[in-house]
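Biologist: I am new to this structure. Please take one part of it and walk me through that part closely.

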Amino acid sequence: MTDLAAVKAALRTQAVETPSWAYGNSGTRFKVFAQPGVPRDPFEKVADAAKVHETTGVAPSVALHIPWDRVADYAALARHAADLGLRIGTVNSNTFQDDDYRLGSVCHPDAAVRRKAVGHLLECVDIMDATGSRDLKLWFADGTNYPGQDDVRARQERLAEALAQVYGRLGEGQRMLLEYKLFEPSFYTTDVPDWGTAFAHCLRLGERARVVVDTGHHAPGTNIEFIVAVLMREGRLGGFDFNSRFYADDDLMAGAADPFQLFRIMHEVVGAGGLASDVAFMLDQCHNIEAKIPAIIRSVMNVQEATAKALLVDRPALARAQAAGDVLAANAVLMDAYATDVRPLLREVREESGLHPDPVAAYAASGWAGRIVAERVGGRPAGWDA
Ligand code: AOS
Ligand code: ZN
Ligand code: ZN
């Protein structure tokens, strides 16, 4: 028998961080379809993120991406967020958009380029100090395209050196989250291609270096929940970049392509006590053809639904079935939870928190979509083609 009050309480404590770049225009390398009303600066991105929190109640922070979100006064940006009931979350670095980075950034064969890349990462920590952010998220586009292009082991050494420098600069309570990705933009080797490589670097650095699992960064068929379980057991899961993929790193709405996978991941998180831990639940998405704010609201709701289902798993019954070796009964316990329609429960949770039961409808009724189209003329791309 599930304790519904406990499930609701857990759901109320959930926090999903939304990414600033998801509010701006984005696209593929073929075309960016500009949308009217998109933010013209980081302050407006924060304002949109505040709308997501206002309607869902569970999106209290927004991640920055530097230099896309470069401002003159980061403390002012943090104050602006606080005024809107939000805080600045993870700071994401960008060492992939300069010509200098053709052969990589922190793994580049030229020490001068490596110094430039590390300088940028250190600047990101300065920004964290100014905004009060806890986490620095590192994703490197480093790698090679052809066998023999560079020395794989030398590149790992350079990476380790750069990470150690940045880790040493972190303030107390700040963390380094290292994100891995199988391929792209490099097509032969990637310097941080998988959780094992990221984990190995984190182990050398120290306890505040953690791995980020972006759900779009694996080979098809990879059992992501297994990776989650192992990293949580080691105390090294820093957080998630949630999104959906059908083919590669598609960055579609979380829970859109494979809601069952999202449920299986959240089942491992809940089982390991992750909801009450320091695991960061972030979205990393781009909304190329759909309206951005409603798509982010939908993604947050999808994460909530997967979480609610994971919380509804009858864990004592599951443990009994597992101990008895009853394969079918154990599987049935999980599938029963997954098959539960949790939408009425989530509507209740929202109403009990003084929110509209339907965040999508609440956003539509707020008039914000019309207001930003009228007020914001000349919205900027998120950065990919800036
Ligand atoms: C890139 O594929 C990664 O998912 C990173 O998290 C990246 O920094 C993010 O998508 C913002 O561009
Ligand atoms: Zn990511
Ligand atoms: Zn990605």
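Modeller: Start with the shell around ligand 1. By class, 2 of its residues are nonpolar, 2 are polar and 6 are charged. The residues surrounding ligand 1 are Trp 21, His 65, Asn 92, Trp 139, Glu 179, Lys 181, Asp 214, Asp 241, Asp 249 and Asp 284. Keep in mind that this is a predicted model. The protein chain has an average pLDDT of 97, and 98% of the residues score at least 70. For the complex, the predictor gives an ipTM of 0.96 and a pTM of 0.97.

Now turn to helix H2. Two packed helices are described by the angle between their axes and the distance between the axes. H2 spans residues 42-56 and H13 spans residues 359-366. They pack at about 125 degrees, and their axes are 9 Å apart. H2 and H13 are therefore oblique to each other. H2 passes H13 in a right-handed crossing. From H2, Lys 51, Thr 55 and Thr 56 meet Pro 359, Ala 362, Tyr 363 and Ser 366 of H13. By class, this contact of H2 with H13 has 3 nonpolar, 3 polar and 1 charged residues.

Next comes helix H9, residues 292-311. The axes of H2 and H9 come within 10 Å and cross at roughly 45 degrees. That makes H2 oblique to H9. The crossing of H2 and H9 is right-handed. Here Asp 48, Lys 51, Val 52, Thr 55 and Thr 56 of H2 meet Ile 293, Ile 296, Ile 297, Val 300 and Met 301 of H9. By class, the contact of H2 with H9 has 6 nonpolar, 2 polar and 2 charged residues.

Key: Residues are numbered from 1 along each chain as its sequence is written. Chains are lettered from A and ligands numbered from 1 in the order in which they are written. This is a predicted model: local features need pLDDT of at least 70, side-chain atom pairs count only at pLDDT 80 or more; totals for chains, interfaces and linings use all residues. Axes are lines fitted to C-alpha atoms, for helices over the stretch in contact, and angles run from 0 to 180 degrees between N-to-C directions. Helices (H or I, at least four residues) and strands (E, at least two) are DSSP runs, numbered from the N terminus. Angles under 35 degrees count as roughly parallel, over 145 as roughly antiparallel, 65 to 115 as roughly perpendicular and the rest as oblique. A crossing is left-handed if the near helix is turned anticlockwise from the far one by less than a right angle, and right-handed if clockwise. Two residues are in contact if their C-beta atoms, placed from the backbone, lie within 7 Å. Ala, Val, Leu, Ile, Met, Phe, Trp, Tyr, Cys and Pro count as nonpolar, Asp, Glu, Lys and Arg as charged, and the others, Gly among them, as polar. A residue is near a molecule or strand if its C-beta atom, placed from the backbone, lies within 6 Å of it. pLDDT is the predictor's confidence in each residue, from 0 to 100.
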